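Here is a short report to read beside the sequence and the coordinates.

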Amino acid sequence: MGRSNEPPRLPDGSFAAWSRDRLALARRGAEECGDVWELEPGVYVAAAAGPCEAVLRRAQDFPKAGSPLFPPLKRSSGAPTPEERAYAHAARMRGLRAQAVAARIGEIAPRTARFADQWPTDQDVEILPPVRHALAEIGVSYLFSEDAPALLPHATQLFLAREVLVRPSRWMWPRWIPTPARRFRTRQQVAFTDALRPVVHRRRSSGRLGDDMLGQMLRPSPHHGLLPEEAVLDTLPGITVATFETPSRAAGWILLHLARHPRAADRVAAEAGSLPADPAATTGAHLGSLQYTQALVNEVLRLYPPSWLLTRQAPRRTQLADYTIDAGSTVLVCPYTAHRDAREYSEPDRFLPERWLRDPESGSPAKPGAFLSFGTGPHGCEGTALAMAMLTLLTAQTARRYRLSEPPGPEPSHQVATLEGLATVGLRLRATVRG
């Protein structure tokens, strides 16, 4: 298809309508308008892999918008300083890096097995709610260990507050207006903080900080000393929700692909047969052996990145591809179209997990194209290793036990929602025990 410098005609010409519209429109824009195109004055879309990676890596030219869903609570002591926020991020990363996750696989695996064991068989089940609950248990337990049961209900309410806050609205209210959604968010954030504060006090006073992520944040740094309590408390609501919210969206697409691609599911099941009978005995080495399962997870994330559209702001005049981006402009990064760039992936629309595997003849590692499902650059997702471990084990344990199928009928078993991420809303699947 030839390319034009004119943007595609949009339903009502507005950025808000485009962001809610179907993925086909994003794809059409990429095909007709090129690697980067202007959606409306001051709003640009990076659609191809190269510009998408460039925007995400050039954090000084295109910084991440500074409007967290869970901003620091207002206190007399003030918000954490930039130095304290940087220290909090570094402390979180100590608990979320790949080595730390690998060391705790034996805690993650039993909960993924429990999810599979509790799936009602031979009936059509709306599967996203139990998936989200299972992943919330895993994520909150990873962060807070033995204190997780007391914090899990509050984490669930934080997720609900997030859903209410990002729901489409007819009006764009200034940030300082206390809308009902924002007041609800603040109440849930305060409740979570109030439940977490005595945990922090108890751990610090007893000296038993713990080996979980919270324990890492409570340890003093040789350069910074102790992280202030308020900096600890303010940084945790967002990461708590993130441990299960995005993986839940991804899990819906993965389970749907197990149902639609039975041969791939059989291969995952065969590979999962090598896992220990006791899930608690699962190690990082076992996780590493699930190479095809990880390839399948990566391929689903490529085709349906949970965060399909990312927003960046340009604080100063800069250049992107053939465009001069003025200060104050918005740049939309679209991993969905970047992952379907034929210059990056052969047969980009085809579900092909094998593209992520080593070459069987030469043994050389796979060289897939740009992969932006967890972002990249300075603001890449800090929970990538945890999310991949959760999704890989959930996929393996489910395929090991069941064959999945969609309900028969002319209508699909789900609706595609694009607000804030790709989700399979209302997904219904049937599990049949493998012989």
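In what order do the four strands of the open sheet stand? The order is S1-S2-S7-S4, and the pairing is mixed. This comes from a predicted model.

**The sheet**

S1 (36–40) and S4 (310–313) are the edge strands. Each has a single partner strand, so one side of each lacks a neighbour in the sheet. From one strand to the next, the twist averages 30°. S1 and S2 (residues 43–46) run antiparallel and are joined by four bridges. Within this pair, Glu40 stands opposite Val43 in S2. Helix H3 (residues 49–57) packs on the sheet. H3 touches S1, S2, S4 and S7 (330–333). The direction of H3 makes about 120° with that of S7.

**Helix H12**

Which residues of H12 are buried? They are Ala264, Ala265, Val268, Ala269, Glu271 and Ala272. Seen down the helix axis, these residues fall within an arc of 165°, so they line one face of H12. An α-helix has 3.6 residues a turn, so residues three or four places apart point the same way. Arg263 and Ala270 are exposed, on the face of H12 turned away from its buried side.

**Confidence**

The protein averages a pLDDT of 87. At least 70 is reached by 89% of the residues.

| Helix | Residues | Mean pLDDT |
|---|---|---|
| H1, lowest confidence | residues 15–20 | 45 |
| H12, highest confidence | residues 262–272 | 98 |

Over residues 1–20 the pLDDT is below 50. Beyond near neighbours in sequence, this stretch still has 46 contacts in the model. Where pLDDT is low, the predicted coordinates should not be read in detail.

**The protein as a whole**

The protein holds 16 helices and 11 strands. It has 435 residues, of which 49% count as buried. Take the contacts between residues at least 6 apart in sequence: 75% of them join residues at least 24 apart. The accessible surface comes to about 20500 Å². Carbon and sulfur atoms account for 52% of that surface.

How values were computed: Residues numbered from 1 in each chain as written. Predicted model: local features only at pLDDT ≥ 70, side-chain atom pairs only at ≥ 80, totals over all residues. Heavy atoms only, no water. Pairing = 2+ DSSP bridges. Helix = DSSP H or I, 4+ residues; strand = E, 2+ residues; numbered from the N terminus. Axes fitted to C-alpha atoms, helices over the stretch in contact; angles between N-to-C directions. Contact = heavy atoms within 4.5 Å. pLDDT = per-residue confidence, 0-100. Buried < 20%, exposed > 50% of the residue type's maximum accessible area, 1.4 Å probe, protein only. Areas by Shrake-Rupley, 256 points an atom, 1.4 Å probe, with all protein chains shown as cover. Arc of directions from axis to C-beta.
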